[in-house]
Amino acid sequence: MSADGTDPAILTEKATSPGSQEVYEALRKSEERYRELVEHANSIILRWDKSGRVTFFNEYAQNFFGFSEEEIIGRHVVGTIVPESESTGRDLRPLMDHICNYPEEHRYNINENIKKDGSRVWIAWTNKILTDDDGEAIGVLSIGSDITKQRLLEEELRQAQKMQAIGELAGGIAHDFNNMVHGIAGFAEVIHQMTCDAKIAQYADQILTTAHHAAELTKQLLTFARKGSYELHDCNTHDIVRDVCAMLERTIDRRIVIRQQLDAERPHINGDSAQLKSALLNLGINAKDAMPAGGLLEFTTRNVTIEDSIAISDFQLGPGQYLRINVSDNGMGMSEGVRQRIFEPFFTTKDSGRGAGLGLAAVYGTTHMHKGAIQCRSEPGKGSCFDLYLPIIKDCGKHLQPCRKAEIPERSIRMMVVDDEAIVRSYSKTLFEMHGHQVETFATAAEAIDFYRHNHSHIDLVLLDMIMPHMDGQQLFAELKLINPAIKAILASGYSVESKVQEIVADGILACLKKPFTYDQLKGKISEMLREGHLPPEPIQEWQTDSSA
């Protein structure tokens, strides 16, 4: 008899009965099917006990992480498939301990994991409590899916959105700053022209020079924000590279060897040569700073064909023919954290006073303007490599030298100046009237419309600011054009983009001036309009202001 009083013979008889054998065989086959399903499932499946040690690791998990069953069973998840801390800096040890002790609070979690070879991956985990016959928690069943590619795409999207937001902020700051610089430079011109004192004239020159340097800094901001003015035309990138290399050879450390390998058979693109030259100079100067003891700086070009749309960094390139300009150095290189931030404005690793952190931001903006792409590859101690992709053109345009036309003497112009910045209105009236022009200034669109309605027959030219509250320059021009379809106007802007400029010109604006502009630049536009017949050579009527205005 057994301890519970049951006859062993009866137990043997039951176990060997035909019905029991069938049940046992069914259970065995079910377990085999279950194990086969779990082992070969295309998901990471593991069990771990309350202390965090792995008790089961399916075949897919073994292949994915690179650990054999013998290597992983009995080992703690932290230090094997879970790093102590994520690359973001989050400490994962408290999370794993909390999942072990309170698994019901972590039915779903995402964290960074690590393979046997050290590579990092992101896994989305679904967790289920494992209990014993008494309902006590004894461990966790975790099923994981690799979402690394999804995380990378999300990070690229976040980066693109961040760059767009920073670009909008940079564009707004640059516009306001440009207005201030415009006023500073304008009154410096006034002082320079009014004074007979050589010292005061010299000081005014220094103010003008500083203001122009500030304007260049703003231009870099606007280039990053993709709101800088630019002119597209056929240009030979090989000529641009040669010019850049010649400039660098004259200015940087002689211990740095500069090489050119210009292999592109079709180097012509539709671009702004000044912006491209500035972008390549920025890349060259950055390379120079990365090689304080000397090294090799190399510029190479080649043509590449892209068959299908591809993403390069956060740029999207469509199918077509592209020119690839490669700028590489064998300097100090960058860490991954630095490399990911290099195109952000004001981000710099240079010492204070050695850089504003706008050079590569401007390169980024120039790339967007030219509908291209740029990517950087770099490792500490192994130098850096920038690939700039630009769409090529089929035909190389030939630029004809414009014939020199006879200068037409400047005459007094009756003009309206509309600008919401008081300093710009004040300087414009003072400086323009010093040159014999008659000027009325307005702070708002409503004031300008009312005045123009009563006095448009006496006004030769309207100078409009592009960005104003309530109604921008383009909208104001449309309102004034309803009053006088023959209106002659120039638009002044702290920033503009080519598509917007073309749109405004199509509306009938005669010219666009980039702030800050000098009187000589305005004079050039007036002379051009006189030469082309947009303005009559002599005033038709004397200046009169309607008393009803």
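A: Asn 113 is found in strand E3 (residues 108-114), where strands are DSSP runs of E with at least two residues and helices are runs of H or I with at least four residues, numbered from the N terminus. The model is predicted, so local features need pLDDT of at least 70 and side-chain atom pairs count only at pLDDT 80 or more, while totals for chains, interfaces and linings use all residues. Residues are numbered from 1 along each chain as its sequence is written, and side-chain values use heavy atoms, with hydrogens and water left out.

At 0% relative accessibility, Asn 113 counts as buried (under 20% relative accessible area, with exposed over 50% and partly exposed in between, for a 1.4 Å probe and protein chains only). Leaving aside residues up to four places away in sequence, Asn 113 touches several residues, among them Phe 65, Ile 81, Val 82 and Trp 125, a contact being heavy atoms within 4.5 Å.

Turning to the rings, Phe 65 also belongs to one aromatic cluster with Phe 57, Tyr 60 and Phe 64. Rings of Phe, Tyr and Trp (its six-membered ring) pair if their centres lie within 6.5 Å, with planes under 30 degrees apart counted as stacked, over 60 as edge-to-face and the rest as tilted. By this rule the count comes to five aromatic pairs. The rings of Phe 432 and Tyr 519 have centres 6.2 Å apart and planes at 45°, so this pair is tilted. Phe 432 lies in helix H12 (residues 422-434) and Tyr 519 in helix H16 (residues 519-531), so the pair ties together parts that are 87 residues apart in sequence.
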